[in-house]
Amino acid sequence: MSKVFNKKIRDLISKINRAFRDFHMLSDGDKVAVAMSGGYDSMSLMLLMEMRKSLTPEKYDLIAVHIIGDARGPYETPLHKPLIEWLESNRFAYVVSPMQISPTEKLPMNCQRCTWNRRSTLFKIANRLGCNKIAFGHHFDDMVETALLNLFYQGRMATMYPCDTYFGGMFSVIRPLTYITKKEIESFAKMNNFPSPPEDCPRSATSRRKMVSDILKIADKDYQNIRWNIFRSAINTMKLAGEIKIYDDTNEPNDEWGNIEEMSSHNYLKKL
Ligand code: SF4
C-alpha cells in the first residue's frame, strides 16, 4: 500500500470521525446494519467503517443489508452478483432480501413509495438482526442536493439528518459519509477496484435530483464553496430550529490514526 493510498484513507476516516463527533453517531457496542445498494457509496461506507475498527477503541459490529427491487417490484431486478462476490471476498457479514411490499401496492411505484418500502424492509431486517443503528451511504453531495430540493420544492432549508432516531429511539439512522464528497468516494472506489455498480433504476436519470445535480455543476464553475455554503446553511437552519444538535462543529479532522497498513485483515464474519 503506497503512502498516497494511506494518506487518502486516513483523510477519509478522519472525515468519518468528524461526522461521528459532530453528530454523536456511534457508541461502543453498537450493531450497525449498513444499507448496501451495490453502488460505490455503500461499498466505501462498509469498507471504511471496517477499516476504522482496527484504529479505534470503540467496538462495533457491521452487517451489510442488500435489498433487491425497484419501482417495478421486488423481483424485477436481478441479484447483483459482483456485490455478493465482493462481500464474500472481504468476509463481510451480509443479508440479502427482496423488498417487502403489501399485496395491494400498485406497481410500478413512484420513487416515494419505493423508498418507503425499501426503508421499511431494511428496518424490519435490522430489527431481526438486533441492530440498533442503520448506516446509509449518503455523502456530502447528496446532502447538498437534498438541501436544494427541499428549498426548491418545499420552501425550507433542510437536508437529510446526519443522525436521527426512529421508533422512540429503537433505531438511529446514521450517515457517516456526511463530510465525504462524491469525488473522494469515486477515487476510493477506483483505488480499491470496486466492481461495477448495478444498473441505475430507470427513474433515477429523470429525477429532480439529477436536475439539481446539473444545476450544482454549473454553479461550481462560478464559486468553489457553493456546495459547502448550502450544506452549512441547511445544517445551521436545522440546528436553529432545534431539529438537530451539533455536538462539536469546531474540531478539524485530526491525524490520530495509526498505521493503516495493519488493517487489511478481516478475520471474522459469518454469513447469516
Ligand atoms: S430511483 Fe428507482 S430504485 Fe430509487 S427510489 Fe426511485 S424508483 Fe426506487
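How many bridges join β5 to β6, and in which sense do the two strands run? Four bridges join β5 to β6, and the strands run antiparallel. The model is a predicted one, in which local features need pLDDT of at least 70, side-chain atom pairs count only at pLDDT 80 or more, and totals for chains, interfaces and linings use all residues. Residue numbers start from 1 along each chain as its sequence is written. The protein chain holds eight helices and six strands; helices (H or I, at least four residues) and strands (E, at least two) are DSSP runs, numbered from the N terminus.

**Overall composition and confidence**

- Along the sequence, the elements of the protein chain follow the pattern α-β-α-β-α-β-α-β-α-β-β-α-α-α.
- The protein chain has a mean pLDDT of 86, and 87% of its residues reach 70 or more; pLDDT is the predictor's confidence in each residue, from 0 to 100.
- Confidence in the protein chain is highest in β1, at 98, and lowest in α1, at a mean of 88.
- Residues 246-272 have a pLDDT below 50, and this stretch has 42 contacts in the model beyond near neighbours in sequence. Two residues are in contact if their C-beta atoms, placed from the backbone, lie within 7 Å.
- Where pLDDT is low, the predicted coordinates should not be read in detail.
- Of the contacts in the protein chain between residues at least 6 apart in sequence, 80% join residues at least 24 apart.

**The sheet**

- Six strands form an open sheet with mixed pairing, in the order β3-β2-β1-β4-β6-β5. Two strands pair if DSSP finds at least two bridges between them.
- The edge strands, each pairing on one side only, are β3 (94-98) and β5 (163-166).
- From one strand to the next, the twist averages 25°.
- Strand β1 (residues 31-35) runs parallel to strand β2 (residues 61-68), and five bridges join them.
- Within this pairing, Val32 stands opposite Leu62 in β2, and the bridge partner of Ala33 in β2 is Ile63.
- Three bridges pair β4 and β6 in the parallel sense, and Lys133 stands opposite Ser172 in β6.
- β5 and β6 form a hairpin with four residues between them, and Phe167 in the turn has a positive phi of about 50°.
- Asp164 stands opposite Val173 in β6.

**Burial and the nonpolar core**

- Buried residues account for 33% of the 272 residues in the protein chain. A residue is buried if 20 or more other C-beta atoms lie within 10 Å of its own, exposed if 12 or fewer, and partly exposed in between, with C-beta atoms placed from the backbone.
- Because four of the five residues of β1 are buried, this strand is largely enclosed by the rest of the structure.
- The largest nonpolar core has 58 residues, of which Ala33, Val34, Ala35, Met46, Ala64 and Val65 touch the most other members. Helix α1 (residues 3-23) contributes the largest share of this core, seven residues.
- A nonpolar core is a set of buried Ala, Val, Leu, Ile, Met, Phe, Trp, Tyr and Cys residues joined through C-beta atoms within 7 Å.
- Not counting residues up to four places away in sequence, Ala33 touches Ile63, Val65, Leu122, Ile125, Ala126, Leu129, Cys131 and Ile134.

**Helix packing**

- Helix α4 (residues 111-129) lies across β1, β2, β3, β4 (133-135) and β6 (171-174), and runs at about 145° to β2. Axes are lines fitted to C-alpha atoms, for helices over the stretch in contact, and angles run from 0 to 180 degrees between N-to-C directions.
- Helix α2 (residues 40-53) and helix α6 (residues 182-191) have axes that come within 9 Å and cross at roughly 70°. The two helices are therefore roughly perpendicular to each other, a term for angles of 65 to 115 degrees.
- Tyr40, Asp41, Met43 and Ser44 of α2 make this contact with Ile185, Glu186, Phe188 and Ala189 of α6.
- Helix α5 (residues 140-154) packs against helix α7 (residues 208-222) at an angle of about 105°, with the axes 9 Å apart, which makes α5 roughly perpendicular to α7.
- Val144, Glu145, Leu148 and Leu149 of α5 meet Arg208, Arg209, Val212, Ser213 and Leu216 of α7 in this contact.

- Asn229 lies in helix α8 (residues 226-240) and counts as exposed because it has 11 C-beta neighbours inside 10 Å.
- Asn229 and Val144 are 85 residues apart in sequence and 9.0 Å apart in space, C-alpha to C-alpha.

Terms used: Angles under 35 degrees count as roughly parallel, over 145 as roughly antiparallel, 65 to 115 as roughly perpendicular and the rest as oblique.
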